[in-house]
Amino acid sequence: MKSKLRSYINILLLFVTTLLVGCNPSIKEGASKSLVVDAGVDQQVEEHTKVTLLGNVSSNSFSPINSYAWTQTSGPSVKLIRTDLYIAHFYAPEVSEPTSLTFQLDAGDANQKSAYDYVTVIVTNVDNALSGRVSFASAIQFDVGGRPISGALADFDGNGNMDLVTINLNDAAVFTGNGDGTFNTPQIYIAGRKPTDINAIDINNDGMIDIVVTDTNSSQVLVLLANGDGTFKSPLMQSIAMQSGNLALADFNADGFADLILVQPGASPSDNTNISSYIGLGNGSFELMQRLPLGNLPKAIAVTDLNVDGIPDAVITDDYSLVDRLFIVQGLGDGTFTTGAPYEVGWSPFAIATGDLNGDKFPDVVTANLDSDDVSILLGDGDGTLKPQSRIYSGGHPSSIAVADMDNDGVLDIVTANNFTSLIAIHLGIGNGTFNRAGHVVMPEKPLKVLISDLNNDDYLDVVTVNGRSENVSVLMQKSK
């Protein structure tokens, strides 16, 4: 009886194995008949979108599966994210016609048996959302040295042309502009041991734009007072009690001098993270006014008057939470602030900007969400509160965001620098707080920071990107219509 039962079981196993092999012709010649790989269903996607390859590997033996490997076998080359798991991601390339990409998933078990399967992704081209409204000449690039981290545009020499300053690994480079999108050889200034953020503003009310830099390693704020001809005095260095992060400046106490608010995260999320406000004394120095605990890991900061009371407020993103958030920090008019309830935003809100997106005269807030590849839009009610977020897909890892009227229609648009996919994404505004699908501009390098201004005084806004990995800056000059 036992031998008959054993025979029946063997026949059943043979039948099941044969059936599995017949349904999966991709099993390698001589490979284990108990290991079955399915690379997932074929897909059709639009260019610039994030694509997920989801495979499945099964086995009817007790040998554990211990290796996965995704590879691309045909089509325009893309960068696969996490090739050593059953799931992988990539961003669809820009194409001029429907284009096929093929990927192979290999898997192996502890008995060194292996099998594979293929999946095909068809990438389709879409109409450029910017067509007829915004177009640029080919990008111009110039070196800045030292892997630039951030930058700012301002008229430092008072000639009516926009100039550029970048902060690099341990210095600041100031480029005076020629008024045609090109810049002169930079002047280099000390900017600490690890500059983090930068702002350009008139600190001492002399009518000239100065530079303020935070330095993380030395826990300092550095102020470069302008001479008015595009050059600057040696930096004034002021120590602060905690590690400095991103900064914003405005006159928070109505004394006519620019004041400073700093994001000062601790060394880890368990530390008592803070924001700090400093009163400007009008001579390039600051006096500590207040420290406030805020969230887990405060990151990006912007200043606006959310409740339209004439007193600047701050909006600050908070990363490293179960749910990433945005805090409103309301100015009280004396240089101090109070924090309100948080608002949910996308994953890893890396950058922030403000502007009136729906024409109601109240400031609204947008964040660039690095890990969810999108933008959160929070419309202001004019009383210091925000509506819940709406989100729009932007592209691969937006690391910077700006709000500006790119097509001169009187409506603000959203611009992001998408670092992973080397793109600039422009969402043209409709005027009611909603936006069109992003139009993309392919950049020659990976942009870390995006800056917007009219570089050649033709009344069309141009784009400058700071490219941290490439030690250079890219300039996109908008074509006149």
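# Close-up views of a predicted model

**View 1. Threonine 176 in its loop.** Threonine 176 is buried, with a relative accessible area of 17%. Buried means under 20% relative accessible area, exposed over 50%, and partly exposed in between, with a 1.4 Å probe and protein chains only. Threonine 176 is found in the loop between strand 12 (171–175) and strand 13 (187–190). Strands (E, at least two residues) and helices (H or I, at least four) are DSSP runs, numbered from the N terminus. Leaving aside neighbours within four places in sequence, threonine 176 is in contact with Asp157, Asp163, Thr182, Phe183, Asn184 and Gly230. Contact means heavy atoms within 4.5 Å.

This is a predicted model: local features need pLDDT of at least 70, side-chain atom pairs count only at pLDDT 80 or more, and totals for chains, interfaces and linings use all residues. Residues are numbered from 1 along each chain as its sequence is written, and side-chain values use heavy atoms, with hydrogens and water left out.

**View 2. Aspartate 318 in strand 23.** Aspartate 318 is found in strand 23 (residues 313–319). Aspartate 318 is buried, at a relative accessible area of 0%. Not counting residues up to four places away in sequence, aspartate 318 touches Gly295, Asn296, Leu297, Pro298, Asp324, Arg325, Phe327 and Pro349. One of these pairs is given in detail: aspartate 318 and leucine 297 are 21 residues apart in sequence, and their C-alpha atoms are 5.4 Å apart in space.

**View 3. The largest cavity.** The structure holds one cavity of 30 Å³ or more. The space in the largest cavity is about 30 Å³. On a 1 Å grid over the protein atoms alone, a cavity is a set of points where a 1.4 Å probe fits but cannot get out; a pocket is an open set with protein on both sides within 12 Å along at least five of seven lines; lining residues have an atom within 4 Å of a point. Grid points are joined across faces, edges and corners, and a volume is the space filled by probe spheres set on the points. Ile261, Ile275, Ser276, Ser277, Gln290, Leu292 and Phe337 line the largest cavity. Strand 20 (274–280) and strand 21 (286–293) are the elements that give two or more residues to this lining. Strand 20 has the largest share, with three residues. By class, the lining has four nonpolar, three polar and no charged residues. Ala, Val, Leu, Ile, Met, Phe, Trp, Tyr, Cys and Pro count as nonpolar, Asp, Glu, Lys and Arg as charged, and the others, Gly among them, as polar.

**View 4. The largest pocket.** The largest pocket holds about 1,500 Å³ of space. Its lining has 48 residues; Ser150, Asp197, Asn246, Ile301 and Lys449 lie nearest the centre. Elements that each supply at least two lining residues include strand 10 (150–154), strand 14 (195–201), strand 22 (297–304) and strand 35. The lining divides into 30 nonpolar, 13 polar and five charged residues.

**View 5. The second largest pocket.** About 260 Å³ of space lies in the second largest pocket. Its lining has 15 residues, and His48, Val126, Arg437, Ala438 and His440 are the closest to its centre. Strand 34 gives the largest share of this lining, three residues. The classes are five nonpolar, five polar and five charged.

View 6. Strand 33 (residues 423–427) and strand 34 run antiparallel and are joined by four bridges. Two strands pair if DSSP finds at least two bridges between them. Leucine 423 has valine 442 of strand 34 as its bridge partner.

**View 7. Strand 36 and its partners.** Six of the six residues of strand 36 (residues 462–467) are buried. Asp462, Val464 and Val466 cover one side; Val463, Thr465 and Asn467 are on the other. Strand 35 (residues 449–453) runs antiparallel to strand 36, joined by five bridges. Valine 450 has threonine 465 as its bridge partner in strand 36. Strand 37 (residues 472–476) also pairs with strand 36 in the antiparallel sense, over five bridges. There, threonine 465 stands opposite serine 474. The hairpin of strand 36 and strand 37 has four residues between the strands, and glutamate 471 takes a positive phi near 60°.
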